[in-house]
Amino acid sequence: MADLKEIADNLIKGNAPRVKELVKKALDERVEVEKILNEGLIAGMDVVGKKFQANEFYVPEMLIAARAMKTGMEIIRPILIQEDIKSQGIVVLGTAKGDLHDIGKNLVGMMLEGAGFEVIDIGIDVAPEVFVQAAKEKKAHLIGVSALLTTTMVSMKDVVKALKEAGLDGKVKVMIGGAPLTQNYADEIEADGYAPDAASAVDKAKELLKAVRDEIRG
Amino acid sequence: MNPKERVRIALSFEEPDRVPVSADYVPEIGKKLHQRVGPEEIDVGVVMGNDMVITTHGFAGSYYLKEEPEYYDEWGCKWKYFRNPSGSYTEVIERPLEDEKKLDSYKIPDPYNNRRYEPSRQIIEKYGKDYWIVGAIPCTIFEVSWGLRGLDKFMMDMLSNKDFAHTLMDKVMEFPLVAGKKLIELGVDMLWTGDDVGMQTGMMISLALWREYFKPRYAKLYSEFKKLNPSIKIAYHSCGNCEAILDEMHEIGLDVINPIQPGAMNPAHIKKRYGKKLVLWGTMDEQKILPFGTPEEVKAEVKRLIKNCAPGGGFILTPAHNIQADTSMENILAFYEAAKEYGQYPMRL
């Protein structure tokens, strides 16, 4: 019998080969794919996020857990698409114009994926209009912008502005993060949200998209 | 009192004539300052009021190494300039050890070549009598390891590919070990090591991993350096909050902690808790006040930091990173002016 908790436990340990094996086994035994996703993979990543917030896990532990999650997702993604199972929301993610530092952005992406969001990572050094274009094309619900430098964080306000100019403010939320960022700065540039770390970013994204998500889920 | 003596006394946990000060700059700021104070000086910081002169070796020297838009460094990394609204930053875009199989044949740059140290020798000759000379070998072990391999990959290696991670770290640490000894022989007053292990919110890696990978290697470096010259001072840099390792760094021979990034660690708390055994070098906020504050706010912050951290010596006031291109000349001048105005011993703040 497939044991979904065993999938979660191996994901938490970052044992990617074992997660792959167990997800395959569960599918072979005809366990519902949504159940594998929610009670295996997402349940595991939820524990990882909590351990990170409690200083039991650090970045390396998160990275190997996310690698295991990804291995599992690769197997079930085609089936999720085939069965038209909707994600928690679509997030476009990138670093601010001129900023190359992407470890924070990557961690946020991993944690969001791990919580069931569809993450479209558009990479580093992203111009404001490219964020908006990607959000339009991918029908995203949320844009996440990350910056390490004070010299690049200033372009975040242009993302908010470009979104307004495209008539998408309110429809697409903007969330910001990175070392020099604060809630105050988010308020000042009228971004919808700020999170101090990757695990909190998931809570913030859920909060921001609650209304949208209820709509998606019908 | 000359700057060298000023720093020496502060590092002995005594009060010199005033709080020593230093700052480093990104190239855009360096150029602007050169235009103000004249290009004939090798070290523009000295003219601005720095009490120390820094001479750098190793991977840290690869940042802004060349003016071409893309360039290779001697470690085999390909770098690229990325523009931002006020300047530029260089970052690695191609790494020689993305494929782990290449480690066996990988060779670090030759640290034994004496020609490499000629600029340091000249700096010591020119400034060594009057200024505190810092031989800098930051990006000491971890940052060069992940620079060659990729940060995500190397951090995963530390958990699930341990032999590889240990072998890579052993290989790269030959450079700082040799370069540090060469710099000691040339006559630097202090060696500045460093590897960023902190984030804004706390340690990036667990204490268990730090003890496995970092502590024994740093202990070896520091003991070899002090064996060669028992009076050499050793500094360590980590951005972010690295309070978790300070006691153990002191235990293996650390003298000076830099930069006590104030958005991540409270300098007043660090002074209270570690100020009798570790010298604080840094503390000036660069995530908010220096780039975005007014000159008055900069001065008020300098005053506050001196009041909290300067009593009894053991303090060098310095911005928590090299001054970034978005910082105004007024704020840079305000920083130096306030340091001199409020930094006088005996303190009256």
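# Reading a predicted two-chain model

Q: What makes Ala140(A) count as buried in this predicted model?
A: Ala140(A) has 24 C-beta neighbours inside 10 Å. The cut-off for a buried residue is 20 or more, so Ala140(A) counts as buried.

Q: Where in chain A is Ala140(A) found?
A: Ala140(A) is in the loop that lies between helix H6 (128–137) and strand S3 (142–146) of chain A.

Q: Which residues does Ala140(A) touch, not counting those up to four places away in sequence?
A: Ala140(A) touches Ile90(A), Val91(A), Val92(A), Ile120(A), Ala135(A) and Val172(A). With Ile90(A), the separation is 50 residues in sequence and 4.7 Å in space, taken C-alpha to C-alpha.

Q: Which residues of helix H8 of chain A are buried?
A: In H8(A), residues 156–165, the buried ones are Met156(A), Asp158(A), Val159(A), Val160(A), Ala162(A) and Leu163(A). To be called buried, a residue needs 20 or more other C-beta atoms within 10 Å of its own.

Q: What do the buried residues of H8(A) pack against?
A: They pack against H6, S3, helix H7 (150–153) and strand S4 (173–177) of chain A. Gly167(A) follows H8(A) and has a positive phi, near 75 degrees.

Q: How is chain A divided into domains?
A: Domain 1 of chain A covers 4–82, and domain 2 covers 90–217. Their C-alpha centres lie 24 Å apart.

Q: How many residues does each domain of chain A give to the contact between them?
A: Domain 1 of chain A gives eleven residues and domain 2 of chain A gives nine. On the domain 1 side, the elements giving two or more residues are helix H3 (33–53) and helix H4 (59–82) of chain A. H3(A) supplies the largest share of that side, seven residues. By class, the domain 1 side has nine nonpolar, two polar and no charged residues.

Q: What makes S2 and S4 of chain B edge strands?
A: An open sheet in chain B has three strands in the order S2-S3-S4, with antiparallel pairing. Strand S2 (70–72) and strand S4 (87–94) of chain B each have a single partner strand, so one side of each has no neighbour in the sheet. Neighbouring strands of this sheet are turned by 30 degrees against each other on average, direction ignored.

Q: How do you know that S3(B) and S4(B) are paired?
A: The cut-off for pairing is at least two bridges. Seven bridges join strand S3 (residues 78–84) of chain B to S4(B), and the two run antiparallel. Therefore they count as a pair.

Q: How many residues does each chain give to the contact between chain A and chain B?
A: Chain B gives 28 residues and chain A gives 26 residues. On the chain B side, the elements that give two or more residues are S3, S4, helix H6 (151–160) and strand S8 (202–203) of chain B. H6(B) gives the most to this side, with seven residues. By class, the chain B side has 14 nonpolar, ten polar and four charged residues.

Q: What pLDDT does chain B average, and what are the scores of the model?
A: Chain B averages a pLDDT of 97, and 99% of its residues score at least 70. The model scores ipTM 0.95 and pTM 0.95.

Terms used. Residues numbered from 1 in each chain as written. Chains lettered and ligands numbered in written order. Predicted model: local features only at pLDDT ≥ 70, side-chain atom pairs only at ≥ 80, totals over all residues. pLDDT = per-residue confidence, 0-100. Helix = DSSP H or I, 4+ residues; strand = E, 2+ residues; numbered from the N terminus. Axes fitted to C-alpha atoms, helices over the stretch in contact; angles between N-to-C directions. Buried ≥ 20, exposed ≤ 12 C-beta atoms within 10 Å, placed from the backbone. Contact = placed C-beta atoms within 7 Å. Nonpolar A, V, L, I, M, F, W, Y, C, P; charged D, E, K, R; others polar. Domains from an automatic or database assignment.
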